[in-house]
Amino acid sequence: MLKTLEIENIAVIEKAEVEFSNGLNVLTGETGAGKSIVVDSINAILGERTSRELVRHGAENAYVSAYFEDVNNEVNKKLEELGYPVDEDNSVVLSRKISSLGKSQCRINGKSASVTILKELGGLLVNIHGQHDSQALLNPELQYNYIDMLSKDESYLANYKAFFKKLLSIRRALKSLTMSENDKDRELELLEYQIKELEEADIKIGERESLTKRRELIQKSESIAKALNIALGALNGDDESDGVSSVLANVQKQLMHFNECRQASDILENVSDGLELFRDKLEELSDNLSFDESELEEIEERLDLLYRFSHKYGNTEEEMLAFLDDARKRANAIIYSDEELERLNAEYDKVFGETVRLAEELSNHRKELAKEFEKEVKEELTFLDMPKLEFVVRFEKGNLSSNGFDKIEFLISTNVGEPPKPMAKIASGGELSRIMLAIKNILSYNDIIGTLIFDEIDTGVSGSASDKIGLKLKSVSQNTQVICVTHSAQIASKADDHFLIQKEFTSNSTYTKVSLLDFEGRKRELARIMGGAVITDTLLKSAEELLTN
């Protein structure tokens, strides 16, 4: 869920920090106070398109940061997939800086990200539903998702997807085998050249690293040899002077004759033994430095070949050898294409039949879910003062795709006696908001998204309908965090946390302030919503009744 939102220099908001609660969070304020700016800021942090016009006048940059806690496994999987760190406490921090020149800098858990990646991750964290933001609900190509979310048995879709993926793999293999004879000859000639080149190279795993280390050693060998010779000379001495080893041995021999010096003699003996080990190591290093003059040239040639191959066959030796193995298989497939074609056709028919069978099972399962879904949506809409609205899930059979062959579309009828029509064509803004709320309430136990934002869901409704929308929002918030921008006192009264968005003026500037209201503050704000500029005792009493009931 969204725990903390920080905003700096976004439109008329100079600086604001909002701490949201787990349940129902409501934002209210006068028209034009800046409620939409808070939603725009959240949109920005979710990777939606922004404009430099969003940057506060006179500021160089605008900045938004959002801290999410208790994120689900799907979010963590996506972070790992995208290459971003996963915090042990299941938290995520998104930030975005927007310059007055229109450029953006995005970060996920402190690591740079593109706007596209931010949007991909943001879609798993927050779902914003506004009066004109209903693409998923209105798009027939996505409506199957709502049905699948109701399923408590994921095996129907998982089994189908596995076979459909296998079907596509066989189809690609068949397509590669049905090329013309000239194409086969050209493909085989290239594969044979690649196989010959890789086989002759006799690539070994880890050799590039080993050769690089050997090259570095050879390149440093002169300096190393000089240092080793100095060390060995100091130990062994020369014609003119004794070495350290000889001097210490003589001293130790002299000391050992005296009992008083026995301890010192023993220490020197240990030192002499250590020097012997030191000499052995120096001589070993010196022996390893010996190399043929042509060795460095051979190493350079080999590394150059591996570098060129890395651009053709894969970055690592493992990838190059995998390419070789795949090339051999593809060459054999062309050489024995007739036999392979017959085998693949037989396998394709078998897998296709099983895929169709699983698609029918999935479709039948969805139809059972859809019956219950229609009933539950109808009950929800009746509660939301839309008892005459009919909601129907229409199934049509299409081509096999990664999600089955179902073409699912939501239909509604808003008047008795009228046939159901596609929701995208006839639903008004107010109707669409309530339908979305009804569906979200049904799916709230299954929806993986931790935060739902409803922007002016009360548009086009009033009275008891507003009160019931408030009750539904409260119900949804028991399982999913809800943030709601509203003009309805009935909805605002149901909030766990109520934020007031208000403008403040100075002689030169206009500012928007976000404040968490206490009980008295909520009373005055509800009274303002109900009565306008003049807040009477009667309005305050009515507001208190809303809050305490």
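Buried means under 20% relative accessible area, exposed means over 50%, and partly exposed is whatever falls in between (1.4 Å probe, protein chains only). The model here is predicted, so local features need pLDDT of at least 70 and side-chain atom pairs count only at pLDDT 80 or more, while totals for chains, interfaces and linings use all residues. Residues are numbered from 1 along each chain as its sequence is written, and side-chain values use heavy atoms, with hydrogens and water left out.

- Ser100 sits in the loop between β5 and β6 (104-108); strands are DSSP runs of E with at least two residues, helices are runs of H or I with at least four, and both are numbered from the N terminus.
- Beyond residues up to four places away in sequence, Ser100 touches Arg52, Val55, Ala59 and Glu60, where contact means heavy atoms within 4.5 Å.
- Ser100 and Arg56 are 44 residues apart in sequence, with 8.5 Å from C-alpha to C-alpha.
- Ser91 lies in the loop between α2 (73-82) and β5 (92-99), and with a relative accessible area of 3% Ser91 is buried.
- The side chain of Ser91 makes polar contacts with the side chains of Asp89 at 2.8 Å and Asp87 at 3.2 Å.
- A polar contact is a pair of N or O atoms within 3.5 Å; within protein, one must be able to donate a hydrogen and the other to accept it, and residues adjacent in sequence count only if both atoms are side-chain atoms.
- Leaving out residues up to four places away in sequence, Ser91 also touches Tyr67, Phe68, Glu69, Val71 and Asn109.
- Lys397 belongs to strand β9 (residues 390-401) and is exposed, at 61% relative accessibility.
- Setting aside neighbours within four places in sequence, Lys397 is in contact with Glu360 and Phe405.
- Lys397 and Pro419 are 22 residues apart in sequence and 21 Å apart in space, C-alpha to C-alpha.

**How α6 and α13 pack**

- Helix α6 (residues 155-177) packs with helix α13 (residues 337-383) at about 155 degrees, their axes 8 Å apart.
- Axes are lines fitted to C-alpha atoms, for helices over the stretch in contact, and angles run from 0 to 180 degrees between N-to-C directions.
- That makes α6 and α13 roughly antiparallel, a label for angles over 145 degrees.
- The contact of α6 with α13 involves 18 nonpolar, five polar and seven charged residues; Asp, Glu, Lys and Arg count as charged, Ala, Val, Leu, Ile, Met, Phe, Trp, Tyr, Cys and Pro as nonpolar, and the others, Gly among them, as polar.

Conventions: Parallel < 35°, antiparallel > 145°, perpendicular 65-115°, else oblique.
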